[in-house]
Amino acid sequence: MRRLTEGRGLLFGGDYNPEQWPEEVWAEDAELMKAAGVNLVTVGVFSWARLEPEPGARDFGWLDRVMDLMAGAGIAVDLATPTASPPPWLGHRWPETLPVDESGHRLWWGSRNQFCPSSPVYRERALSIVTDLAARYAGHPALALWHVGNEYGQICHCDASAEAFRAWLRRRHGGLDALNEAWGTTFWSQRYARWEEVLPPRRAPYMINPTQSLDWRRFCSDALLEHFRAERDVLREHAPDVPVTTNFMGLFRPVDAWKWAAEEDLVANDWYPDPGDPLSPARTALVHDLMRGLGRGRPWLLMEQATSGVNWRPHNLPKPAGQLRLESLQALARGADGLCYFQWRASRFGAERFHAAMVPHAGPDTRLHREVRAHGRELRRLAAVAGQPVPARVALVFGWESWWALEERGRPSDRLNADEQLLAYYVPLWERGVSVDVVPPDADLGGYALVVVPNLFLVSDRQAAALTAYARGGGVLVVGPFSGVVDPDGHVRTGRFPVPLREALGASGEEWLPAEGEVGCRWSGGPGFTAHAWTELMAAEGAEAVAEFTEGELAGRPAILRHRVGDGVAWYVATMPEPAALAGLTARALADAGVRGAVADLPPGVEAVRRGEVLFLLNHGSATAEVPVAGPAEDLLTGAVTDGPVTLAPRAVAALRST
């Protein structure tokens, strides 16, 4: 990312689709971009049919002119490989490239993403156009970044996918005996005698084998990653000094972003907060922290966001004035060095013609475009933030494989979900201005004072041992319900749960007891609170019951436990507490760990996060807030120097650097 920001400062721009417009519009676009401070545009994401109108034909002339125009305007190009949306001729001539759903129905062209990741023909045609694209533009002065595909997540259940799945299973398990053991095929008479019998999880009369489904999710993510790597390697061969990325979509189930991020030169994300979601500010902060975590703390790129309303929700609320700036600066505060949008100019036609853009249908003389220009200009004042870290002493553990395994059908309750648990435990940290690193289950935890595991349903022996060693070594560990339940094959660990964490937690359970409605609880010697949906029958084995259930069969039984283990402390939460109770638990765990937020006594709705030497304060609330800040400090956005409390109007932002 440093190579991209050197000489440019913070990156600002968006998706640019000039092929949708007459060429006489392009020159106006370039002038408007310069006036708005745009210095990076993504080009060519959906241009395969334009670049290759017939199999083997090439039409690069229009793209030559676009690249030259951007270079002349001093605007860098994030050049995309166009392989996310094949032309109709590919599916027409080679229907085997089209994806098949779990019911055996082939999906046709007329939308996008209509390809099978395991199709040899698709791979051949995709790499052909990518090779020619790379050879033509590798040395172009506008080229600054390669953008492979778009929002990967395609799944196909066809025969080619089945063959690729079997090859993947051979690499993972070895022989059929090992596969049958891992999948537990003695259940329901599912034993496989020949590899040809093994299929993707297709539509069946009842529930699919959960380990088969788990391996299928692993395979689907890996199959897409294999294709990403193939395109990436072509690009690197022609332009080894140009970084390569693709765009994630936040907490998106189909791809294991931990594995993907390790194959990229920088992490990029598309994120569209819902203006109607009251938890959107915290949810967005969580996703931004995840992106920084995927990059192992390095700056990342917000590839797509919206200037106002999108078009793909049932009811698309617009953003009020100031909201696009607030959300963009929130990403900057949490580690982004680039702030881009979908898209530059609103489309006149196609499925996204009502999606907001940097230049709306009404043109540049509009409130929205003036806000875009103002935001582009002010980013120059924040150039010193580029490359700066977001230090965190708290880690939040999250793993895709555990998420996949947890949410298979046939579990005790569908009301306990990994992503919702992650957000629930994140919110009280965000409300206190505590910076968080989101880390994978096999992360090195040594640098953290507090490690929070909202749910880790699937855990390996090595991961469980590392969590235990962390707590014994002086760390503070918080573990949420229904964790440590299954091994990497999805087999339930027998014994009192959570079996591999029992020693660390000083407690064990014997039954998972989903609850209907709310459940009464009480802090030991303190007030009552409610939990919901989930309870566990637990016994303390050295731990202290700091909260207990107060009603039903579990009355008097532990609900939350705290255990001194070695030089550290481990907490276990055997239910799903209401937000206020989870906030109280978080406060106690933070006290155990000696961790404080960036600002004491944050007003509700105000976000505080420190990046490098700059303290960002963002008011997501509907009322003016006064934030207690020790001065003196300069607000880099306004140049004003403050010494004492900072007053923030709704949707206002301050970027304070001590003087």
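This is a predicted model: local features need pLDDT of at least 70, side-chain atom pairs count only at pLDDT 80 or more; totals for chains, interfaces and linings use all residues.
Strand E10 (residues 394-397) makes a handy landmark. With strand E11 (residues 436-439) it pairs in the parallel sense over 4 bridges, and valine 397 stands opposite valine 439 of E11. E10 also runs parallel to strand E12 (residues 450-453), joined by 3 bridges; there, leucine 396 is opposite valine 452. Both faces of E10 are covered, with Val394 and Leu396 buried on one side and Ala395 and Val397 buried on the other.

## Further along the sheet

## Two crossing helices

Next, look for helix H11 (residues 280-294) and helix H15 (residues 418-431). Their axes come within 10 Å and cross at roughly 100 degrees, which means that H11 is roughly perpendicular to H15. H11 contributes Pro281, Ala282, Arg283, Ala285, Leu286 and Asp289 to the contact, while H15 brings Leu422, Leu423, Tyr426, Val427 and Trp430. Sorted by class, the contact has 9 nonpolar residues, 2 charged ones and no polar ones.

In soluble globular proteins, nonpolar side chains tend to be buried together. The largest nonpolar core in this model has 149 residues, and the members touching the most others are Leu63, Leu79, Trp146, Leu382, Ile560 and Phe616. H15 supplies the largest share of this core, with 8 residues.

Leucine 63 shows how such contacts reach along the chain: apart from neighbours within four places in sequence, it is in contact with Val43, Leu51, Leu79, Leu133 and Tyr137. There is also a second, separate core of 27 residues, with Val451, Val453, Met538 and Leu561 among them.

## Backbone spots to look up

One runs from phenylalanine 342 to glutamine 343, with omega near -10 degrees; glutamine 343 sits in the loop between strand E9 (336-341) and helix H13 (367-378). Another links glycine 631 to proline 632, with omega near -5 degrees, and proline 632 belongs to the loop between strand E22 (625-627) and strand E23 (633-635).

Positive phi values turn up in two residues other than glycine. Glutamate 151 has phi near 45 degrees and lies in the loop between strand E4 (143-147) and helix H7 (159-173). Phenylalanine 482 has phi near 55 degrees and is placed in the loop between E13 and helix H17 (502-505). Buried means under 20% relative accessible area, so glutamate 151, at 14%, counts as buried, and so does phenylalanine 482, at 4%.

Key: Residues are numbered from 1 along each chain as its sequence is written. Side-chain values use heavy atoms; hydrogens and water are left out. Buried means under 20% relative accessible area, exposed over 50%, partly exposed in between (1.4 Å probe, protein chains only). Two strands pair if DSSP finds at least two bridges between them. Axes are lines fitted to C-alpha atoms, for helices over the stretch in contact, and angles run from 0 to 180 degrees between N-to-C directions. Angles under 35 degrees count as roughly parallel, over 145 as roughly antiparallel, 65 to 115 as roughly perpendicular and the rest as oblique. Contact means heavy atoms within 4.5 Å. Ala, Val, Leu, Ile, Met, Phe, Trp, Tyr, Cys and Pro count as nonpolar, Asp, Glu, Lys and Arg as charged, and the others, Gly among them, as polar. A nonpolar core is a set of buried Ala, Val, Leu, Ile, Met, Phe, Trp, Tyr and Cys residues joined through side-chain atoms within 4.5 Å.
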